[in-house]
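Let's take a friendly walk through this model together. Have the sequence and the 3D view ready.

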Amino acid sequence: MHMVDLPGDTPADPIDFDTFRKVDIRIGTVLEAAPLEGARKPAIRLLIDFGPGVGEKKSSAQITEHYTPEQLVGRQVMAVVNFPPRQIGKFMSEVLTLGFPDDGGAIVLGGPDTPVPNGARLV
């Protein structure tokens with residue numbers, strides 16, 4: 001899934017804190033990364049370790065403009081871990097890796113600037 005809102009767009013409708021807490025955003029470390037074969041748009045398949053509570057999960061991300069698979073291994077990334085799995089071609093994506101669009105719309109990954117434990121939840 002690749003959704004981009006423009007920086008000038010107005011904020012989404014307000015939500016309360018209990019609704020926000022239902023979105024489970026965790027930190028994980030990329031264990032493996034490789035091109036996603038058969039994708040309509042260039043993408044990278046990831047295997048991400050979210051620690052013992054969540055485990056290892058697969059994700060697909062359209063991030064090829066800024067990243068190579070080799071650059072991603074060992075990097076910590078943010079992902080929503082409580083969406084249902086989504087079929088991307090022949091690949092089953094289990095989490096939604098998060099990023100932000102640059103000026104041209106290419107995705108830049110979000111993550112901590114200092115390492116945190118895998119599985120740490122956004123608070």
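**Salt bridges and rings**

Asp24 and Arg26 join their side chains in a salt bridge, with 2.7 Å from N to O; the term stands for a side-chain nitrogen of Lys or Arg within 4 Å of a carboxyl oxygen of Asp or Glu. This is a predicted model, in which local features need pLDDT of at least 70 and side-chain atom pairs count only at pLDDT 80 or more, while totals for chains, interfaces and linings use all residues. Residues are numbered from 1 along each chain as its sequence is written, and side-chain values use heavy atoms, leaving out hydrogens and water.

Asp24 also forms a salt bridge with Arg121, where the closest N and O atoms are 3.2 Å apart. Arg121 lies in the segment after strand E9 (107-109) and Asp24 in the loop between H1 and strand E1 (25-35), so this pair ties together parts 97 residues apart in sequence. Helices (H or I, at least four residues) and strands (E, at least two) are DSSP runs, numbered from the N terminus. Together, Asp24, Arg26 and Arg121 make up a network of salt bridges.

Now turn to Lys58, which lies over the face of Phe91, 5.7 Å from the ring centre. For such a contact, NZ of Lys or CZ of Arg must be within 6 Å of the ring centre and within 35 degrees of the ring normal.
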